[in-house]
Amino acid sequence: MMKQDNYVAAMLRSELADAVGPEHVSTDAAERLGHSIDYYWVPEMWHDRGHENPQADFVVHPGSAAETAKILRLANTHKLPVTPWGGGSGSQGGALPMHGGISLDTKRLNKVISIDTEALTVTAEAGINTQHLEWAVEKAGYSTMHLPASIACATLGGFLAHRGTGVLSTKYGKIEDMVMSMEVVTPTGEVINTLPVPRHASGPDLAQMYLGSEGTLGVMTKATLKIHPRPETRKFHAFLFKTMRDAMAAGAKIMTSRLRPCVIRLYDEPETARLIKRVLGIDKKGAYLVFGFDGPEKIVDLELSQACAICKEREHEDLGAELGQAWWDHRYKFFYPPFMFHMPQAFGTLDTVATFANIEKVYWAMKNALAEHFPEAAFIGHFSHWYEWGCMLYARFIVENPPQDPVEATLYYNKIWDMAIRAAIKAGGVLNEHHGVGLKLGRLMKDLYGPAFNVLTSVKTALDPNNIMNPGKMGFKGV
Ligand SMILES: Cc1cc2nc3c(=O)[nH]c(=O)nc-3n(C[C@H](O)[C@H](O)[C@H](O)COP(=O)(O)OP(=O)(O)OC[C@H]3O[C@@H](n4cnc5c(N)ncnc54)[C@H](O)[C@@H]3O)c2cc1C
């Protein structure tokens with residue numbers, strides 16, 4: 001980190017002030033501290049134990065794509081690292097300015113630009129809070145249908161950068177399915193646009209290349225997303241199955257029958273016993289499965305009855321519509337106090353995705369690896385985003401008393417991740433489904449991609465020759 005009380009820092013500050021206005025460049029201690037911790041357990045733990053985390057030298061708030069471009073050009077001149085910061089709600093350490101330099105806070109880019117009621121799209125700046133975006137779209141009579149648990153604390157750009165997802169993904173898609181086009185500021189400071197439509201045969205799709213790039217290939221400054229009419233109705237139903245296996249077979253059959261639920265969620269037996277009991281008050285042994293359908297009432301009723309018929313082939317108990325609706329009404333509670341885990345516990349979301357042929361193997365590979373090497377770690381999981389071909393496993397480990405020393409705690413924590421993720425990859429899973437890679441999982445990218453990782457590093461090197469954009473993340477080299 002650069003010393004602030006010398007002419008070099010003052011010179012850089014004056015150039016940044018010239019780019020965005022002096023009131024939008026900060027070296028304030030509280031602001032730099034606030035931009036040094038996201039939702040990644042390791043830096044939070046170091047902070048919790050009294051240590052200062054690496055901080056940005058400047059927190060800069062651009063108000064437009066043109067100002068963002070000026071910052072990136074200046075960073076190239078001075079070879080300063082730039083780390084985009086949206087809401088700081090990411091769990092992978094992606095927004096942490098680990099090499100100092102500039103924390104580029106996007107929150108002034110917060111405008112809804114237009115709503116197109118003919119094509120059903122919304123165009124907004126990328127720093128907008130996702131709840132504000134949804135409210136604006138709802139006011140016009142529509143919905144983005146992007147309803148993540150972090151809707152109130154994350155930005156649109158954070159979701160674009162992490163390929164994030166919301167609770168209705170099974171019908172409406174992840175963010176990468178929702179995007180029509182994007183405006184991006186390249187690492188060398190050009191403002192570019194991807195093509196205006198997401199389906200074309202005009203070369204590889206640039207939008208899909210930037211989606212998931214986690215601030216390493218540029219800054220997303222604007223995006224056009226699809227929006228949807230508010231559905232006439234949305235109905236839920238829940239079942240209890242004796243085993244997760246029975247419930248998985250039912251969930252897979254719903255999807256492979258090509259019914260179109262907006263959501264399915266299946267909790268394994270330990271999470272049913274732990275969280276479904278605490279949040280919904282259902283104190284029963286087994287695996288809880290809930291699904292919902294939305295749209296015109298007649299179609300919803302028909303699809304719902306088909307899905308219920310599939311579940312009745314294997315169910316243990318029909319919990320009815322009410323205990324399905326209760327899950328929807330309390331869906332965000334699972335992720336916030338007092339139901340979420342917290343210091344001094346060590347915890348992490350082992351987020352992965354695989355085909356129906358592999359997803360249970362992935363679950364057992366992770367669970368067994370942890371049971372063998374870390375018997376003190378509790379392992380719970382639910383399957384939360386479902387596709388025609390497979391589903392996502394949101395597994396979590398929780399350790400009540402991790403080592404006190406922060407170095408030891410970091411080594412211990414990383415060992416759990418290495419073991420669980422390598423087991424998942426071997427069984428057919430991938431590193432991650434929607435939380436991204438960041439600092440947390442960068443070292444495992446080569447395990448996942450093999451020689452194909454060279455393609456990604458070549459793209460990074462070509463687009464960012466001075467390696468200013470978020471160095472040290474996603475397995476790319478640091479400073
Ligand atoms: C309680 C809770 C619940 C959550 N639930 C969900 C969920 O349901 N679904 C889900 O997908 N995630 C969830 N998350 C994770 C997190 O909210 C998402 O990853 C979200 O996309 C992060 O957005 P952010 O604006 O906070 O990004 P940040 O944490 O600020 O940044 C994340 C990454 O994106 C980069 N970045 C940010 N903005 C831009 C930009 N404009 N251009 C380029 N790069 C950029 C950063 O450099 C960083 O690498 C949850 C987190 C919490 C704390």
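Glu 183 stands opposite Lys 222 in strand β10. This pair belongs to a predicted model, in which six bridges join β8 to β10 and the two strands run antiparallel.

**Strand β8 and its partners**
- Strand β8 covers residues 179-185, and seven of its seven residues are buried, so the strand is largely enclosed by the rest of the structure.
- Three bridges join β8 to strand β9 (residues 191-193), and these strands also run antiparallel.
- Val 185 has Val 191 in β9 as its bridge partner.
- β8 and β9 form a hairpin with five residues between them.
- In the turn of this hairpin, Gly 189 has a positive phi of about 90°.

**Contacts with the ligand**
- Ser 89 places a polar side-chain atom 2.7 Å from an oxygen atom of the ligand.
- The side chain of Thr 155 has an N or O atom 2.7 Å from an oxygen atom of the ligand.
- A polar backbone atom of Thr 165 lies 2.8 Å from a nitrogen atom of the ligand.
- On its own the ligand has 970 Å² of accessible area, and the protein covers 96% of this.

**The shell around the ligand**
- The elements that give two or more residues to the shell are β3 (82-85), α6 (156-162) and β10 (219-226).
- Helix α6 supplies the largest share, five residues.
- In total, 33 residues surround the ligand, and the closest are Pro 84, Gly 86, Ser 89, Ser 150 and Thr 155.
- By type, the shell holds 13 nonpolar residues, 19 polar residues and one charged residue.

Key
Residues numbered from 1 in each chain as written. Predicted model: local features only at pLDDT ≥ 70, side-chain atom pairs only at ≥ 80, totals over all residues. Heavy atoms only, no water. Near = heavy atom within 4 Å. Polar contact = N/O pair within 3.5 Å; in protein donor to acceptor, adjacent residues only side chain to side chain. Areas by Shrake-Rupley, 256 points an atom, 1.4 Å probe, with all protein chains shown as cover. Helix = DSSP H or I, 4+ residues; strand = E, 2+ residues; numbered from the N terminus. Nonpolar A, V, L, I, M, F, W, Y, C, P; charged D, E, K, R; others polar. Buried < 20%, exposed > 50% of the residue type's maximum accessible area, 1.4 Å probe, protein only. Pairing = 2+ DSSP bridges.
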